[in-house]
Every structure is written in C-alpha cells, then in structure tokens.
Amino acid sequence: MPELPEVEALREFLDEHLAGRVVERVLPLAVSVLKTYDPPPSALEGQQAGATARHGKFLAIPIGELHLVTHLARAGWLRWQEALPDKPPRPGKGPLALRVALAGGGGFDLTEAGTQKRLAVYVVRDPREVPGIARLGPDPLADAFDRDTFAGLLAGERRQIKGVLRDQSVIAGIGNAYSDEILHAAKVSPFKLAASFDEEQVTHLYEAVRRTLGEAVERAHGVAAGNLKAEKKSGLRVHGRDGEPCPVCGDTIRSVSFADSSLQYCPTCQTGGKPLADRRLSRLLK
C-alpha cells in the first residue's frame with residue numbers, strides 16, 4: 001500500500017508534470033472507482049490543473065474550481081504516460097480504473113490490481129468533503145507536529161502502539177509498512193500499549209517517527225512514479241523481510257499474521273528476545 005513517503009513523492013511528480021496542463025478527458029472505467037457523482041467527472045474537462053496537495057495518503061489535484069481526489073488503497077497506483085494509446089480503453093477490462101487525458105497529449109491512469117477494488121476517486125469542490133480527509137489526524141511531518149503534540153495523542157490510549165500509529169484519525173499517512181519500520185527504529189514492541197510509554201520513551205518514538213518518514217521521503221524524492229514501489233521495498237529494513245537477518249543485530253526477523261495483513265519485527269531489538277505469538281498460526285495448530 002502506498003503510504004506517506006510514496007504519496008508525497010507522487011505529489012511532487014504531479015507538480016512537475018501535471019500543474020499547468022489542461023484536462024481534455026476524464027474516463028472512469030471501473031464501476032467501483034468513482035465515489036461521487038455531483039459534480040460529474042466531465043466537469044473537469046477543459047479546466048487547468050494546479051499544484052497537487054497531499055492529505056495523509058490522499059492526493060488532491062485542483063482542476064479549475066474543483067478537485068480530483070484519490071486514495072490508492074492497498075493495490076492502487078498512478079501510472080504517468082507521455083503518450084496515451086490511440087485506442088480507447090474498454091471499461092471493466094484489466095486493472096485500469098480511471099484515465100485522465102491531457103490536452104496536447106499524455107496523461108495518467110489510475111490502476112488497481114487484485115479483486116478487492118478499494119481504490120477511490122472523488123470529484124469535489126473542497127477536499128474536506130471527502131470523509132476520509134475530514135477525519136484525518138495531524139500530518140507527522142508538519143512543522144506543528146512536535147513532541148508534545150505526539151505525547152498528547154498517546155496519552156490515555158489503551159490500544160497497542162502498532163494500531164495507534166496506523167489509525168489515520170490519530171496520525172495521517174502511516175500504514176502497515178512504515179509503522180513496522182518506525183517501531184523497529186525505536187526498539188519498541190508493536191504490542192506495547194500506547195499509554196504505557198514514559199516520557200523518555202515518548203521522545204524516542206517521536207524521533208523515530210520523524211526520522212523514519214523523513215528519510216523515506218528523501219529517498220523517494222525525484223524517483224519516477226513507475227519506480228517508487230521498488231524504491232520503497234529496497235528501503236525497508238524489517239517489513240516484508242520475515243526470515244531475513246535484522247540489519248541491526250543479525251537476529252531473524254519474525255512475523256505475526258492477522259486476517260488480511262501481517263507485521264514484522266526483530267525479537268532482539270524490540271521484544272527482549274521473546275517471539276510474539278502468531279495468533280493465526282496458533283489457531284491453526286489447535
């Protein structure tokens with residue numbers, strides 16, 4: 001799933017390639033992709049695109065007086081093309097969900113692999129009309145997101161820290177992969193209760209949030225949109241690396257599986273050497 005660093009890189013890419021261009025056609029091709037119908041996508045046609053904004057994992061492209069907002073979900077992606085195919089795309093065929101064609105040639109496709117179809121597109125007058133944006137917590141890389149702000153978000157939270165970091169209404173933009181990376185950098189168990197952090201631990205975790213995301217954004221800066229997925233994977237130290245050696249201590253990275261996702265961690269770095277129970281595997285063995 002694209003998270004804050006990749007979506008920020010896409011925002012920069014669109015600023016360079018899309019801002020100032022005129023939209024010629026907007027073609028929704030998957031029945032599930034469009035979440036709003038008034039204004040219609042055709043209202044964007046003939047209008048000039050402005051500077052793209054990022055709201056957590058959402059991209060919001062101003063086009064004329066409206067905004068084209070998208071959330072790429074787990075398997076969505078934005079594919080830029082300098083020249084679009086001459087043949088019109090066929091609705092419902094393959095991963096193509098929406099195409100934006102630009103005057104003078106080129107444009108971009110929104111695609112989604114798999115069968116779950118969670119990619120979402122909205123045409124709105126204000127990005128805050130999108131429910132997912134309206135409920136977002138603060139951006140962890142914003143100047144106003146200081147250590148005390150972070151401490152206030154953790155205070156009284158009886159949930160595990162992994163879930164709190166992923167909750168978009170608490171902090172915007174962090175998903176499964178970077179929460180694993182942040183907790184590994186901070187040497188914290190993903191199952192530790194958020195409210196149990198002392199002052200020093202809060203500071204250490206805050207610094208890990210800012211450093212991990214900041215470094216990921218820096219790595220993604222200037223990377224072409226088509227290469228961002230590979231760049232993300234190459235920069236991850238524990239997420240998706242079950243069975244590999246920890247780059248810090250050499251212990252074997254382990255995994256905990258859930259219904260539709262999994263987390264990765266290092267026992268030596270994060271849990272005092274004790275493996276966490278893999279609940280899904282435990283149920284299978286009963």
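Modeller: Start with one residue and list its partners. Leaving aside neighbours within four places in sequence, Phe 108 is in contact with Leu 18, Ile 61, Leu 68, Leu 78, Arg 79, Trp 80, Leu 98, Arg 99 and Val 100. Keep in mind that this is a predicted model.

Biologist: Which residues touch the most other members of the largest nonpolar core?

Modeller: The general idea comes first. In soluble globular proteins, nonpolar side chains tend to be buried together. Here the largest nonpolar core has 34 residues, and those touching the most other members are Leu 18, Ile 61, Leu 68, Val 100, Phe 108, Leu 110 and Val 121. Two or more residues each come from α1 (4–17), β1 (23–28), β3 (58–63), β4 (66–71), β5 (76–81), β6 (96–102), β7 (107–112) and β8 (120–124). Helix α1 gives the largest share, five residues. There is also a second, separate core of 25 residues, with Val 164, Leu 183, Tyr 206 and Leu 236 among them.

Biologist: Now the strands. In what order do the four strands of the open sheet lie?

Modeller: The open sheet runs β1-β6-β7-β5, with antiparallel pairing. Strands β1 and β5 are the edges, as each pairs on one side only. From one strand to the next, the twist averages 15 degrees.

Biologist: How many bridges join β5 to β7?

Modeller: Six bridges join these antiparallel strands.

Biologist: Next, cysteines. How many disulfides does the structure hold?

Modeller: A disulfide is a covalent bond between the sulfur atoms of two cysteines. This structure holds zero.

Biologist: Are Cys 246 and Cys 269 buried or exposed?

Modeller: Cys 246 is buried, at 4% relative accessibility. Cys 269 is buried too, with a relative accessible area of 11%.

Biologist: What should I look for in the backbone angles?

Modeller: Look for exceptions. Most residues other than glycine have a negative phi, and most peptide bonds are trans. In this model, the peptide bond joining Asp 38 and Pro 39 is cis, with omega about 5 degrees. Pro 39 sits in the loop between β1 and β2 (53–55).

Biologist: Where are Lys 117 and Lys 187 found?

Modeller: Lys 117 is in the loop between β7 and β8. Its phi is positive, about 55 degrees, although Lys 117 is not a glycine. Lys 117 is partly exposed, at 32% relative accessibility. Lys 187 lies in the loop between α5 (176–186) and α6 (199–220). Phi of Lys 187 is also positive, about 60 degrees. Lys 187 is partly exposed, with a relative accessible area of 46%.

Biologist: Last, charges. How many salt bridges does the count come to?

Modeller: The count comes to 16. To read one, take the distance between the closest N and O atoms, then check the burial of each partner. In the pair Glu 8 and Arg 11, that distance is 2.8 Å. Both residues are buried. They are three residues apart in helix α1, so about one helical turn separates them.

Biologist: How exposed are the partners in the salt bridge of Arg 159 and Asp 167?

Modeller: Their N to O distance is 2.9 Å. Arg 159 is partly exposed at 35% relative accessibility, while Asp 167 is buried at 18%. Some salt bridges share partners: Glu 8, Arg 11, Asp 15, Arg 54 and Asp 139 are joined into one network.

Biologist: And the pair Asp 126 and Arg 128: what is the N to O distance?

Modeller: It is 2.9 Å. Asp 126 is partly exposed, at 24% relative accessibility. Arg 128 is exposed, at 63%.

Notes:
Residues numbered from 1 in each chain as written. Predicted model: local features only at pLDDT ≥ 70, side-chain atom pairs only at ≥ 80, totals over all residues. Heavy atoms only, no water. Disulfide = S-S within 2.5 Å. Buried < 20%, exposed > 50% of the residue type's maximum accessible area, 1.4 Å probe, protein only. Core = buried A, V, L, I, M, F, W, Y, C linked by side-chain atoms within 4.5 Å. Contact = heavy atoms within 4.5 Å. Pairing = 2+ DSSP bridges. Axes fitted to C-alpha atoms, helices over the stretch in contact; angles between N-to-C directions. Salt bridge = Lys/Arg side-chain N within 4 Å of Asp/Glu carboxyl O.
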